[in-house]
Amino acid sequence: MSKILMKGNEAIGEGAVRAGCRYFFGYPITPQSELTHFLAKRLPEVGGLYMQAESEVASINMVYGASCAGARVMTSSSGPGISLMQEGLSYLAGAELPSVVVNLMRGGPGLGNIAPSQADYFQATKGGGHGDYHLIVLAPNSVQELLDMTQTAFDLADKYRNPVMIMADGVMGQMMEPVELADQLEIKQVAKPWATTGTDYHEGRNLINSCYVIPEQMEDLNNRLEKKYADITRNEQQCEGYLLEDAEIVLVAFGMASRICRAVVEKARAGGIPAGLIRPITLWPFPMEFVSKVADKAKIFLAVELNMGQMMEDVKLAASGRAPVYHYGRLGGMIPDVREVLREVEKLYRGGVGQ
Amino acid sequence: MLEAIYLAGHGGQGTLSTGQLLALAAVKEGKCVSYVPHYGVEKRGGVSNCGVTVSDRQVSSPFVTEPTVLVAMNSLSLERYENAVVPGGLIITNSSLVEAKVSRTDVKAVPIRANDEAEALGDPLVANNIILGAVLELTGVVSIKTVEESLKEVLPPRHHHKIPVNLKALERGAQLAREYINPTGE
Amino acid sequence: MKKGSRPASLKDVPFHYCPGCTHGIAHRLVTEVIDELDIRGKTIGIAPVGCSVFTMDYFDFDMIQGSHGRGPAVATGLKRALPDRVVFTYQGDGDLAAIGTGEFVHAAVRGEKITCIFINNAVYGMTGGQMAPTTLVGQMTKTTPFGRDKDINGFPIKVCEMLAPLEGSAYLARVAVHNPKSIIKAKKAIRRAFEVQMQGLGFSLIEILSTCPTNWGLSPVKAVQWLEENMVPYFPLGEYKTPAGVI
């Protein structure tokens with residue numbers, strides 16, 4: 001193991017390469033361009049292909065095609081581009097095609113800006129595309145996790161034959177932190193007997209499809225997906241707790257916001273407020289069980305997000321009325337300052353549970 | 001140990017590369033470090049800022065919003081970020097370009113004529129490393145030796161002949177800081 | 001293959017297509033060519049959205065159903081991952097020449113070694129007879145009840161002519177399947193397109209002028225006549241590009 005200083009965008013790219021991803025199809029958009037610059041150089045080194053598509057619509061469908069071939073394949077984009085990919089994501093989910101999509105979120109709606117944001121939570125976790133489906137959504141919060149979770153994403157995608165989204169923000173792509181790179185590459189390639197590689201290359205005839213004209217048949221697919229989503233929900237919830245043992249006020253934050261909140265919790269505790277932090281790592285499945293257990297003891301939840309209060313709704317569902325759930329957010333690409341979140345914590349604590 | 005260092009200047013002053021160099025040296029010394037460009041205390045067009053947080057333990061927020069060290073490479077940077085520095089913190093100004101004095105009395109203020117000193121060393125591009133030398137001297141965040149090793153990694157081989165002048169700059173910065181803090185040499 | 005027998009690449013199931021629709025002929029020609037080239041086991045087809053989405057049930061080799069118009073992008077991803085396979089899309093005029101305009105043009109730009117079988121019947125079939133990008137000026141459809149108005153809808157798109165100048169396109173031909181002579185020529189062109197792909201020469205597309213008696217509101221016989229009299233003059237038949245150069 002050696003520790004090296006790495007930029008977030010490079011960590012995602014290196015994570016993909018180390019996961020055995022050899023195909024990347026994408027369209028330029030800030031703030032994820034550095035990831036594509038990295039892969040455009042890195043993939044040919046390992047015999048892979050980096051291809052710039054004519055649009056995000058084309059990118060996601062190229063991902064669809066390469067996934068049909070059984071390849072590990074990835075695309076990345078940001079807000080507007082991810083919106084264009086929603087139809088493709090629905091098809092990938094419907095056809096049960098493993099694939100990895102990176103969303104380095106930026107300020108929106110509309111063209112918005114290129115500053116960091118977490119405003120695509122609903123889009124990623126509640127659908128985005130049409131029909132009943134789920135993406136598995138991962139929210140790393142460090143450069144090391146960008147590397148590790150990109151590898152995990154490919155494994156999860158193959159395990160469940162489902163698209164996986166990695167949600168981060170532009171600043172995480174730019175951020176540099178030390179990462180440990182395993183010296184040995186361990187690629188968990190799985191057999192894909194379902195892939196459409198030609199009938200000479202597998203048993204029988206393979207068909208990759210999400211079109212079921214007969215409602216009974218469509219329902220069969222929906223039922224199968226529902227069962228799969230239940231399995232994922234049961235098996236894959238990931239969450240991190242910090243100083244929760246005696247916490248009365250519990251912050252809930254993912255990605256970059258969770259890093260800020262960790263500092264807030266430390267400062268709050270230094271000031272005598274028993275604060276703790278829940279950091280959902282999987283946004284879908286949301287760590288309902290973990291948050292629910294904490295809700296048995298916590299007096300107040302404060303969801304801190306770079307949006308108007310999207311994950312907060314899931315925190316409310318998990319808390320089921322056992323503790324009030326408040327929200328603090330900055331919008332438009334602004335990043336909350338540790339001090340301002342701390343003030344919010346103090347206000348809620350003194351005004352509520354601390355009496 | 002926790003140092004939250006904010007390097008602020010304008011494009012071309014080498015603030016980002018200095019930040020990365022410092023971050024790399026911190027990694028080499030086995031410290032926890034986060035480097036975040038542009039964001040932090042404030043962000044506006046034209047500025048070239050970065051925050052480097054170096055700690056013995058896991059870095060919580062990588063955003064340097066309450067710097068323990070501010071490096072102000074130009075006047076605007078001092079004007080904007082002086083008040084963000086924590087009480088007892090350090091402000092190093094590039095006094096070749098920053099005429100104003102640090103007005104706060106609860107911080108340590110050290111002016112370094114980085115551009116002039118760089119000229120004197122024969123390479124105007126090493127001004128940033130003169131400042132970095134002062135940061136290292138006054139904080140002990142990493143050693144000059146580790147920065148030297150890091151330079152070898154950061155600079156492409158065709159620029160390795162520049163390492164000696166950069167090293168001189170670091171040492172000169174450290175010396176100037178020492179002399180400023182302790183003018184009598186006692 | 002014995003004359004009149006079913007190609008092995010074509011499943012022995014009844015078509016759902018309307019009487020007089022020429023999708024069946026196009027299916028048969030494509031599968032005959034695949035049999036003759038002996039590439040069934042390494043061919044993967046991509047079905048469109050439209051009437052011919054059911055090619056996935058008719059073609060007896062690996063098939064993918066993709067989203068509307070994106071066949072050439074799906075084919076790109078597949079072929080890039082499996083460069084030694086034969087990959088083709090089967091697309092209607094709405095799928096390819098309206099919603100999928102970006103995808104087929106850029107597949108040609110990149111010189112993707114894929115083949116597009118493009119069915120041009122000047123109307124949307126499955127959605128019930130609306131205007132297609134290839135609907136002729138004056139042609140009545142459900143959404144041009146007074147005939148296609150050039151001031152509102154512009155002019156029919158000529159796909160082969162449009163692709164010919166692109167350096168990545170290697171073989172482009174427009175054929176028809178409304179009489180035996182045309183069918184023989186059509187099959188030759190389809191075979192050529194697959195051969196061009198297998199030789200790695202670049203992008204190939206065969207535009208097949210087809211009938212849609214149901215949505216044209218004509219009998220099968222009248223539909224053939226209408227195609228001959230109206231479509232062929234506007235969409236001239238022939239090879240538009242061969243690997244030797246633009247014709």
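**Basis of the report**

A salt bridge is a side-chain nitrogen of Lys or Arg within 4 Å of a carboxyl oxygen of Asp or Glu. This is a predicted model, in which local features need pLDDT of at least 70 and side-chain atom pairs count only at pLDDT 80 or more, while totals for chains, interfaces and linings use all residues. Residues are numbered from 1 along each chain as its sequence is written, chains are lettered from A and ligands numbered from 1 in the order in which they are written, and side-chain values use heavy atoms, with hydrogens and water left out.

**Chain A with chain C**

Chain A and chain C have 3 salt bridges across their interface. One pair is C:Arg70 with A:Glu87, whose closest N and O atoms lie 4.0 Å apart.

Contact (heavy atoms within 4.5 Å) involves 34 residues of chain A and 37 residues of chain C. The buried area, meaning accessible area (1.4 Å probe) lost on being put together and summed over both parts, is about 2,600 Å², with 57% from carbon and sulfur atoms. On the chain A side, A:Glu54, A:Asn61 and A:Arg205 lose the most area, together 22% of what that side buries.

**Chain A with chain B**

Here 25 residues from chain A meet 22 residues from chain B. About 1,900 Å² is buried between them, and carbon and sulfur atoms give 59% of this area. A:Leu5, A:Met176 and A:Arg259 supply 26% of the area that chain A buries against chain B, more than any other three residues.

The interface of chain A and chain B contains 3 salt bridges. Among them, A:Lys267 pairs with B:Glu66, the closest N and O atoms being 2.9 Å apart.

Definitions and conventions. Buried area = accessible area lost by both parts, 1.4 Å probe.
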